[in-house]
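Q: I am new to this structure and would like a short tour. Could we go through it together?
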Amino acid sequence: MVKRFNWQIGREQDYPYDAPPPKRQVAYVFDTNKCIECQTCTVACKTSWTSGKGQETIFWNNVETKPYGSYPQAWDSKLMDKCGGCEWEKNGEGDNQLYQLNSPTIFEKDGPDKPPLGHLPTERDYSSPNLGEDDITGMVDQGHHFEGLHPVWMFYLARICNHCDHPACLAACPRKAIYKRPEDGIVLVDQKRCRGYQECIKACPYKKVFYNIINRASEKCIGCYPRVEQGNVALCVESCIGKIRLHGFLTTDGEPRADNPLDYIVKIRKLALPSYPQFGTGPNVFYIPPVHVPNEFLEQIFGPNVEDAKKLYKALKDDRQLLGAMMLFGASDRILIRFEVQGDEAVGWDVDDKEVVRVPFTEPTYYRKHLDEKTGAYRQNTA
Ligand code: SF4
Ligand code: F3S
């Protein structure tokens, strides 16, 4: 057991393996306010990576409706019950405000010699991926209308492997069949080493390792590494029609850079938050919380910074640098490692430092003439 600093919980924590941080860490920001749960990401991932035998109920990417949806069933509430609640302590004020977790992480709960706290889902838990989809928190009676508050709510949570800083799957495997790539922090299962012990599945709080009953080995999201190696975004990111996703790298060898869109949104402005930071794995998918959902619920998932993130999101209109970074979501198939706001445009550069995208703050409007002079035809859809 070594002590490792976990910035998401504001303190050191116990972790079974030591390894230097990767040269850079693959990371994602998902804007929950924009997700429409069309499952295009789910289908893009499934048809590309998990359409074989034994993979019928394996979804490396899934989108579930909160509060009632979960895949596998109750993956999060079961672990929260076992953990027995979490406790955050506030230190500092204003921009220096930091929260420290005072309750134990899954690596600490049962003591240093025990595996991470977890649970193994049953086959039945995987049998209904869509259970709870579109279920809302209460009844909507006839005549109900919007009055500026949302007493009844739900939101969509898109989920992939978090390629964690301190992966529980890796820590738990007795065969050391799981590794984290030093070049980009992507977490992979070595299929030749894996013997199907399933300790990884039990340990991953997010249940993002899956057992393939035909291969008798575990599988997980590979972070689309063949695409990442070419500088391209993951398939779930490229296919997202809601443009809710941004894929990039967090800086690990120094201070966060204000011109790196991921560093800027996550580390500098803290607009996007990790899911269940209290479990201690240091997940690298960051979520912009849904502004219409009560904080009491959101804080159990995204930690204590929910209200600040919501305020930032609501004020985006007047925050040009942050808005510029947000405009790059879904704007390019290339991974953007640098951005700038130039006049009325947000500009992005790819891993080869080539300018690949320029998004205007205001989309231009074109009016077409009623008569198309070239063809002599009248248009019926002009303004
Ligand atoms: Fe491992 Fe789960 Fe973290 Fe992915 S989300 S790296 S499978 S612990
Ligand atoms: Fe290890 Fe998980 Fe395989 S615990 S042996 S990677 S099933």
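This is a predicted model: local features need pLDDT of at least 70, side-chain atom pairs count only at pLDDT 80 or more; totals for chains, interfaces and linings use all residues.

Q: Which residues come nearest to ligand 1?

A: The shell has 14 residues, of which Cys161, Cys164, Pro167, Cys169 and Cys204 come nearest.

Q: And ligand 2, which residues are closest there?

A: Ligand 2 is surrounded by 15 residues, with Cys173, Cys194, Glu199, Cys200 and Ser218 the closest. Two elements, helix 4 (199–203) and strand 11 (217–220), each give two or more residues to this shell.

Q: How does that shell divide by class?

A: Around ligand 2 there are nine nonpolar, three polar and three charged residues.

Q: Turning to the largest nonpolar core, which residues touch the most other members?

A: The core holds 88 residues, and those with the most contacts to other members are Val29, Cys169, Cys200, Ala272 and Phe286. Cys169 is also among the residues that come nearest to ligand 1, and Cys200 is among the closest to ligand 2.

Q: What does alanine 272 touch?

A: Leaving out residues up to four places away in sequence, alanine 272 touches Val29, Ile265, Val266, Phe286, Tyr287 and Ile288.

Q: New topic: in what order do the four strands of the open sheet lie?

A: The order is 12-3-14-13, with mixed pairing. Strand 12 (245–251) and strand 13 (273–274) are at the edges with a single partner strand each, so one side of each has no neighbour in the sheet.

Q: How many bridges join strand 3 to strand 12?

A: Seven, and the two strands run antiparallel. Valine 26, for instance, has phenylalanine 249 of strand 12 as its bridge partner.

Conventions: Residues are numbered from 1 along each chain as its sequence is written. Chains are lettered from A and ligands numbered from 1 in the order in which they are written. A residue is near a molecule or strand if its C-beta atom, placed from the backbone, lies within 6 Å of it. A nonpolar core is a set of buried Ala, Val, Leu, Ile, Met, Phe, Trp, Tyr and Cys residues joined through C-beta atoms within 7 Å. A residue is buried if 20 or more other C-beta atoms lie within 10 Å of its own, exposed if 12 or fewer, and partly exposed in between; C-beta atoms are placed from the backbone. Two residues are in contact if their C-beta atoms, placed from the backbone, lie within 7 Å. Ala, Val, Leu, Ile, Met, Phe, Trp, Tyr, Cys and Pro count as nonpolar, Asp, Glu, Lys and Arg as charged, and the others, Gly among them, as polar. Two strands pair if DSSP finds at least two bridges between them.
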